[in-house]
Amino acid sequence: NAILLYWIARSALPGGGSPRRTVLALGVALLGTVAAGNLGQIGASFGDNILSLFVLGSLAILAAMAGAPKPAPALLAGTLLGLAAGLKPTMGLYAPGLGLACLALAAPLQRRIVLGAILAVGALLGWAIAGGFWAYDLWRSFGNPLFPFFNDVFKSPWAAIDPHKNLVYLPRTWLDALTLPWRYPFNARLVGEIRFTDLRIPILYSLAWVAALAAIWNR
């Protein structure tokens with residue numbers, strides 16, 4: 001994970017081959033691997049810090065080709081993402097973000113949209129390889145390829161007609177959602193079962209708002 005984070009940072013940061021860029025990239029890799037989110041996974045059976053290799057690998061490919069995007073790397077990036085989602089469905093949450101990331105590539109808008117579509121095709125391919133057989137088995141056995149989730153759609157008789165979605169950690173309002181990154185460091189139970197402290201996300205979230213306001217001001 002640290003190697004991939006370093007590669008992503010090297011691709012995204014300005015400065016060419018300067019030592020400053022290398023130091024900053026190493027700092028990003030360090031910050032990404034020594035905080036609670038990753039350390040809490042070591043030795044556990046969740047597998048998120050293993051499947052993150054596929055997700056970060058996908059992002060690393062997009063970052064590396066940002067200046068000259070091509071279809072083949074986009075297909076590979078999507079396939080890696082699909083493999084992660086096939087092995088653990090929650091990894092599919094990163095698909096919309098990486099799809100939108102294609103719109104930030106240095107290419108005409110039409111080409112960016114095509115590359116996003118290619119990434120989506122690759123994601124479906126990867127998911128079919130890693131999770132297609134299991135989805136088929138669930139469909140054959142229970143009438144729901146995502147059993148028991150989304151059973152309000154598939155209506156399998158083997159489970160309640162319900163999406164089986166845990167609402168405990170979801171924001172109730174838009175205001176709750178917008179302020180959650182600032183609130184959860186003081187109450188980790190808002191987002192998970194285990195108490196932890198991770199200040200990276202509220203700091204990055206604050207900087208994102210500052211960057212957005214600065215961009216508007218500069219315009």
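Where is the place of His 164? His 164 sits in the loop between H8 and H9, where helices (H or I, at least four residues) and strands (E, at least two) are DSSP runs numbered from the N terminus.

Before I continue, a word on the basis of this talk. The model is predicted, so local features need pLDDT of at least 70 and side-chain atom pairs count only at pLDDT 80 or more, while totals for chains, interfaces and linings use all residues. Residues are numbered from 1 along each chain as its sequence is written, and side-chain values use heavy atoms, with hydrogens and water left out.

To return to His 164, its phi is near 55°, a positive value in a residue other than glycine. At 31% relative accessibility, His 164 counts as partly exposed; buried means under 20% relative accessible area, exposed over 50%, and partly exposed in between, with a 1.4 Å probe and protein chains only. Lys 155 is also found in the loop between H8 and H9. The phi of Lys 155 is near 55°, again positive in a residue other than glycine, but at 52% relative accessibility Lys 155 counts as exposed.

I turn now to the helices. Helix H9 (residues 174–183) packs against helix H10 (residues 200–218) at an angle of about 130°, with the axes 8 Å apart. Axes are lines fitted to C-alpha atoms, for helices over the stretch in contact, and angles run from 0 to 180 degrees between N-to-C directions. H9 is therefore oblique to H10: under 35 degrees counts as roughly parallel, over 145 as roughly antiparallel, 65 to 115 as roughly perpendicular, and the rest as oblique. Leu 178, Pro 181 and Trp 182 of H9 make the contact with Ile 201, Pro 202, Tyr 205, Ser 206 and Trp 209 of H10, contact being heavy atoms within 4.5 Å.

Which aromatic pair ties H9 to H10? Trp 182 and Tyr 205 form an edge-to-face pair, 5.1 Å centre to centre with 65° between the planes. Rings of Phe, Tyr and Trp (its six-membered ring) pair if their centres lie within 6.5 Å; planes under 30 degrees apart count as stacked, over 60 as edge-to-face and the rest as tilted. Because Trp 182 lies in H9 and Tyr 205 in H10, the pair ties together parts that are 23 residues apart in sequence. Tyr 205 also forms an edge-to-face pair with Trp 209, at 6.3 Å and 85°.

Finally, ring pairs link Phe 142, Phe 147 and Trp 158 into a cluster. A cis peptide bond joins Phe 147 to Pro 148, with omega about 0°.
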